[in-house]
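This briefing goes with a protein model. Please look over the sequence and the structure before reading the points below.

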Amino acid sequence: MKWNIRLVAACLRRDGVSVPPEELDSFLTTSHAIAHLADRLNQYLGRLMPPPNDRIDPATQGTLDWLHQLDEKGQTFRYGTVRGGKGQGLVRARPNQQRVDFDADVRRLHDAAWMLYAGCSGVLDAHAENQAEYYAEYDVEMPSAMDY
């Protein structure tokens, strides 16, 4: 998802929309919360694309919302232990672990990841190509999108 945020930010910059690289880098390096990342991607897509490509598709958004409910801070699946409260030291990251349908959950996550990787990235790559063709056709220098 972070890659898609960088791609859409580059497209926005080429269209003359201000997306400060320092602010974006700061956000992406400090945030691991799925809801925050999905919200930023939706904001940028909404500024770049017309419907229905102006946001993450509903099925993928539903999976991301479900994943965020399991891991609101974006740390649970990254670490086996986390810092506890005052004086607790390290504690289990998933103290209330429950039985899950692993196969179904993996399929659901795979589908969401594939949609973000192939679906969203594909649309953004096509948009970037259209931008390049537009600027080439009108013999106008394409604004730099800066590094992703």
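This is a predicted model: local features need pLDDT of at least 70, side-chain atom pairs count only at pLDDT 80 or more; totals for chains, interfaces and linings use all residues.

Are tryptophan 114 and tyrosine 117 buried or exposed? Both tryptophan 114 and tyrosine 117 are exposed.

**The nonpolar core**

- The largest nonpolar core consists of 25 residues.
- Ile5, Val8, Leu24, Leu41, Tyr44, Leu48 and Leu124 are the residues with the most contacts inside this core.
- At least two residues of the core come from each of these helices: α1 (2–14), α2 (21–30), α3 (34–48), α4 (58–70) and α5 (102–137).
- Helix α3 gives the largest share of the core, with seven residues.
- Leucine 124 can be followed through its contacts: apart from neighbours within four places in sequence, leucine 124 is in contact with Asn4, Leu7, Val8, Cys11, Leu45, Leu48 and Met49.

**How α3 and α5 pack**

- The axes of α3 and α5 are 13 Å apart, and the two helices pack at an angle of about 35°.
- Their crossing is left-handed.
- On the α3 side the contact is made by Leu41, Leu45 and Leu48, and on the α5 side by Leu116, Cys120, Leu124 and His127.
- Of the residues in this contact, six are nonpolar, one is polar and none is charged.

**Histidine 127**

- Histidine 127 is part of helix α5.
- Its relative accessibility is 18%, and the limit for buried is under 20%, so histidine 127 counts as buried.
- Leaving out neighbours within four places in sequence, histidine 127 is in contact with Cys11, Asp15, Leu48 and Met49.

**Aromatic pairs**

- The model has three aromatic pairs.
- One of them joins tryptophan 114 and tyrosine 117: the ring centres are 5.5 Å apart and the planes are at 45°, so this pair is tilted.
- Tryptophan 114 and tyrosine 117 both lie in helix α5, three residues apart, which is about one turn of the helix.
- Tyrosine 134 and tyrosine 138 form another tilted pair, with 4.9 Å from centre to centre and 50° between the planes.
- Tyr134, Tyr135 and Tyr138 form one aromatic cluster.
- Tyrosine 134 has a relative accessible area of 46%; partly exposed covers values between the buried limit of 20% and the exposed limit of 50%, so tyrosine 134 is partly exposed.

- Threonine 63 lies in helix α4, and because its relative accessibility is 6%, threonine 63 counts as buried.
- Not counting residues up to four places away in sequence, threonine 63 touches Arg108, Leu109 and Ala112.
- Glutamine 69 also lies in helix α4, but glutamine 69 is exposed, with a relative accessible area of 61%.
- Glutamine 69 and proline 58 are eleven residues apart in sequence, and their C-alpha atoms are 16 Å apart in space.
- Where is glutamate 72 found? Glutamate 72 is in the loop between α4 and β1 (81–83).
- Glutamate 72 has a relative accessible area of 54%, so glutamate 72 is exposed.
- Along the chain, glutamate 72 and aspartate 125 are 53 residues apart, and 30 Å separates their C-alpha atoms.

**Prolines**

- What kind of peptide bond joins proline 51 and proline 52? The bond is cis, with omega about 5°.
- As background, most peptide bonds are trans.
- Proline 52 is found in the loop between α3 and α4.
- Proline 21 is found in helix α2.
- The relative accessible area of proline 21 is 18%, so proline 21 is buried.
- Proline 21 and arginine 6 are 15 residues apart in sequence, with their C-alpha atoms 9.3 Å apart in space.

Technical notes. Residues are numbered from 1 along each chain as its sequence is written. Side-chain values use heavy atoms; hydrogens and water are left out. A nonpolar core is a set of buried Ala, Val, Leu, Ile, Met, Phe, Trp, Tyr and Cys residues joined through side-chain atoms within 4.5 Å. Buried means under 20% relative accessible area, exposed over 50%, partly exposed in between (1.4 Å probe, protein chains only). Helices (H or I, at least four residues) and strands (E, at least two) are DSSP runs, numbered from the N terminus. Contact means heavy atoms within 4.5 Å. Axes are lines fitted to C-alpha atoms, for helices over the stretch in contact, and angles run from 0 to 180 degrees between N-to-C directions. A crossing is left-handed if the near helix is turned anticlockwise from the far one by less than a right angle, and right-handed if clockwise. Ala, Val, Leu, Ile, Met, Phe, Trp, Tyr, Cys and Pro count as nonpolar, Asp, Glu, Lys and Arg as charged, and the others, Gly among them, as polar. Rings of Phe, Tyr and Trp (its six-membered ring) pair if their centres lie within 6.5 Å; planes under 30 degrees apart count as stacked, over 60 as edge-to-face and the rest as tilted.
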